[in-house]
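Hi,

Here is the structure I promised to pass on. Could you have a look when you get a moment?

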Amino acid sequence: MADPRTGSSARSPAGSSSGSSAESSSGSSPGPNGGHHTLCAEGLTLAYDKVVVATDLSVAIPAGQITTIVGANACGKSTLLRALARLLRPRAGRVLIDGESIHRLPTKVVASRLGILPQSPIAPEGITVADLVGRGRYPHQKWFRQWSSADEAVIAAAKEVTGTLDLATRPVDELSGGQRQRVWIAMALAQGTDLMLLDEPTTYLDLAHQVEVLDLLVDLNRREERTIVLVLHDLNHAARYSHRLIAMSDGRLVAQGSPAQIVTESLVEQVFGLECRVIPDPVAATPMVVPVGRHALAALETQPYPCPPEPNGASPVERGARPTSGGCA
Amino acid sequence: MKALLERPLGTRDPGPATAAVARARSAGRARATTVSAALAVAGAVAFAVSVSAGDFPIPLVDVVPAIFGYGNADSDFIVRTLRLPRALTAVLVGAAFGLSGAIFQSLARNPLASPDIIGITAGASAAAVFMIVAVGAGGATVAVGAFGGALATAVAIYLLAYRRGVSSHRLVLVGIGVGAVLASVTSYLLTRAEVFDAQRATVWLTGSLNGRGWEHVRPVGLAMMVLFPAVVALARPLRALQLGDDAAKGLGVGVERCRAALVVAGVGLAAVATASAGPVAFVAFVAAPIARRLVKAPLTLVPAALSGAVLVLVADLVGRRAFAPTELPVGIITGVIGAPYLLWLLARSNRVGRGG
C-alpha cells in the first residue's frame, strides 16, 4: 500500500487538465484552481439552537488532497464538516466555495460541486442498490428530463470504482456493513462532484472493512483527483490516510498540518487527554499513536495489580509472574 | 465525468457497465408500469361491476352505453345519477387517501405515519362533526370544515412534535395522542347533538359512500386534478428526502420548502377525501405498503393511488352486495382489512426494535 501522503507530489501534471474535463460534462463550472473547486471557512461560530459548539474556526481545504478532521467526541468535528457542507448555517463567519458564500449560491449549484455523505444516511426499506445510487444524480436532473445516458455512464463508473456493479438488484438492507458503505460512497460519487465530504465513513465497520473504505477513498483521490474531507475517530487511520489533519478540541482548532508535522505526543495529550507514545507506522512510516493507558495485559501478567504502568512503557521485569491483587497498596 | 470514463478503473470497460446500469433501471421501471397497468385493469373491472351490480342489476354490456347516456331511460338514470357518482367518489377518495398515505409514510420514514393513524383524519372528522352538529351545515361547508380541521391538526402535531427538527418517532406518538384528544372531542359533540344530526354524523364518521352524488365527486376530483400533478412533480425531491435530511440537503434539495409543499399536498388530499366520504378507515395506511410490496420499490406514488382506488371500490362493492339487502358502510370493510395489518406491523416493528 503506497503512502497516500506522497500523492500530492507524485501526482502527474496531467492530473489537473483531466480534472477540468470532468467538470464540463457534469454540468458545473470549473473552479479557479486548475479544475478543482476550492472550499474554505472564515471565522466560523457554530451553534445548535442557543448552544455554541465551536468558535473561531478558519480552515482552508487544500484542493486534490485528503483532509481529515480529528478530535475527541463532541469536540465539534462533525459540526465543522456539516458547516462546510452548508448543512448547518454558521452563527458567524462564512464558508466559501470558489470564493463565493456557500449559503448565497443556489443549493443545487453547490450540490454539483460538493457532495456530502452524512454520518447516518437512511436507506429506505426495500430500496435496491441501483435505486439508491441513482438518487445521487438528483442535482443534475430536472423534473421534465430525468434520465440521460450521461447519468447512466456516471452511475456505471461510480459502481465500477466502488465494486458495487454486481449488487445492482440487491436490496440495500441485505448487504454487509462494508458493502453498504461502498454503496453509499457510490451514491456520493454519482453526484459527480470533485469535492467530497464524508462524516465518519468507517463507523460501525470492522477493521478490514474500515481499511477497505479508506483505501477506496485514497484511490478516488489519487486516480480522479478528488478533494476529500473526512471526519475520522481513529487517529491512526487519519494519520495514515490523510495529507492533512485538522485537530479540534472543545470547539476550537488546535493544529492544522500534515500528520508528520502535527501528530505528536503533546498534541494527542491536548486533543484527546490521552497519554501516548508516537512511533513510526511500520508499514507507511506515518506517525502511529500507541496509548499508554492504565493497563497493559502483558504488564498485568508480570506486575502486581493495580500498579500504574511505567510512563516510558518499560518492559516487564519478571516474566510469567501471576497477577496478584493489592501489591502496591 | 469524462475523465472517469476515460480511465476505467475496474476490469470491465465502461460500455457493458453502463448497459447493465441502464438494464437495472429499465427493469425497475417496467415492474412499476406492469403493476400500475394491472391495478388499473383491476380498478376498471371493479368499477364496471360496481356500476352494474345492485338491486336493479344492469348487464355489464349495457354499463358503458349507460354511462354515456345511450342506454334505456331506467338504466341511464340509475347509472348516471346513483351508481356512477358513487363509484367515481370511491375511485377518487381511494386514490387521494392512497397518495396521502404514501406521502406521509415516506416523509416520516415510518409505515405507521399515515394520516389516519397520526390524527390528521381525526382532525378532519372533529371539524366536520362540529359543522354538522353545531352549525347544522351540509355538503360543501362540511367539506371546507374538514379541510380546515385537517390542516390545523397537521400544524398542531408538527409544532407539538418539533424539537430541533421532527423525528418520526415523536411525530407518530404525538399524532396518536392528538388523534385521541380529537376523537374525544368528536364523541363530546355527538353527545350534545340532536338525534337526527348525531345519526348523520355517525354515518359520516364510519366512512360511507352511500348516497354520494356529483356534489361529492366535484371537490375531490378538483383536488386530485390540482394536487396529483403537484405530488408527481415533488416525487423526485421526496425520493431524496427519504435518505435523511442531511443527505437530501447535500443533494441540493430545498428540504424545508419541499417538505412543507408535500405536507400541504398530503393534508389536502386526506382532507378532501375525508370530506367526501368520511374517514374511511385504514385506506391511507395500507394502500402505499401494498403498492410498495407489489412494485418492490420504496416509493411508488401512482401504484399507491391506484391500489387505494381499487381497495375502496372493492370494499364498497363488498359492503353493498355481500349482505344484501343490508348495506355495510365502506369504512367497516376497509377496517376489517386494515386492523390486522396494523397489528401485524406493530408486532413486527416491536420485534425488529423499530417500534413507533
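Predicted model: local features only at pLDDT ≥ 70, side-chain atom pairs only at ≥ 80, totals over all residues.

Residues are numbered from 1 along each chain as its sequence is written, and chains are lettered from A and ligands numbered from 1 in the order in which they are written.

**Chain A in general**

Chain A has 12 helices and 12 strands (DSSP runs numbered from the N terminus: H or I of at least four residues for helices, E of at least two for strands). Of its 329 residues, 47% count as buried, meaning that 20 or more other C-beta atoms lie within 10 Å of the residue's own; 12 or fewer makes a residue exposed, anything in between partly exposed, and the C-beta atoms are placed from the backbone. Take the chain A contacts between residues at least 6 apart in sequence: 63% of them join residues at least 24 apart. A contact here is two C-beta atoms, placed from the backbone, within 7 Å.

**The two sheets in chain A**

One open sheet has six strands in the order β6-β7-β8-β3-β9-β10, with mixed pairing (strands pair if DSSP finds at least two bridges between them). Its edges are β6 and β10 (252–257) of chain A, and each has a single partner strand, so one side of each has no neighbour in the sheet. From one strand to the next the twist averages 15 degrees; angles run from 0 to 180 degrees between N-to-C directions, with axes fitted to C-alpha atoms, for helices over the stretch in contact.

β6(A) runs parallel to β7(A) (residues 195–199), with four bridges between them, and A:L117 sits opposite A:L198 of β7(A). Elsewhere in this sheet, β3(A) (residues 66–71) and β9(A) (residues 244–249) are parallel and joined by five bridges, with A:V70 partnered by A:A247.

The other open sheet is antiparallel, four strands in the order β2-β1-β4-β5 of chain A. There the edges are β2 (51–61) and β5 (100–101) of chain A, each with a single partner, so one side of each is again left without a neighbour in the sheet. Two bridges hold the antiparallel pair of β4(A) (residues 92–97) and β5(A), and A:L96 has A:S101 as its bridge partner. Helix α3(A) (residues 77–84) lies across β1 (39–48), β2 and β4 of chain A, at about 120 degrees to β1(A).

**Helix packing**

In chain A, the axes of α6(A) (residues 149–162) and α7(A) (residues 177–190) come within 9 Å and cross at roughly 145 degrees. Residues making that contact include A:V154, A:I155 and A:A158 of α6(A), and A:I185, A:A186 and A:L189 of α7(A). By class it has eight nonpolar, one polar and two charged residues (Ala, Val, Leu, Ile, Met, Phe, Trp, Tyr, Cys and Pro are nonpolar; Asp, Glu, Lys and Arg charged; the others, Gly among them, polar).

Over in chain B, α4(B) (residues 73–108) and α12(B) (residues 255–277) have axes within 8 Å, crossing at roughly 150 degrees. Among the residues in contact are B:A96, B:F97 and B:I103 of α4(B) and B:L262, B:G266 and B:L269 of α12(B). This contact divides into 15 nonpolar, four polar and one charged residues.

**The core**

The largest nonpolar core has 201 residues, and B:A96 and B:L313 have the most contacts inside it. (A core is a set of buried Ala, Val, Leu, Ile, Met, Phe, Trp, Tyr and Cys residues joined through C-beta atoms within 7 Å.) α4(B) gives the most to this core, with 17 residues. Leaving aside neighbours within four places in sequence, the contacts of B:L313 include B:F47, B:A90 and B:V91.

**Two positive phi values**

A:E225, not a glycine, has phi near 60 degrees. A:E225 lies in the loop between α8 (207–224) and β8 (227–231) of chain A, and counts as buried because it has 23 C-beta neighbours inside 10 Å. B:R109 also has a positive phi, about 55 degrees, in the loop between α4 and α5 (120–135) of chain B. With 18 C-beta neighbours inside 10 Å, B:R109 counts as partly exposed.

Cheers
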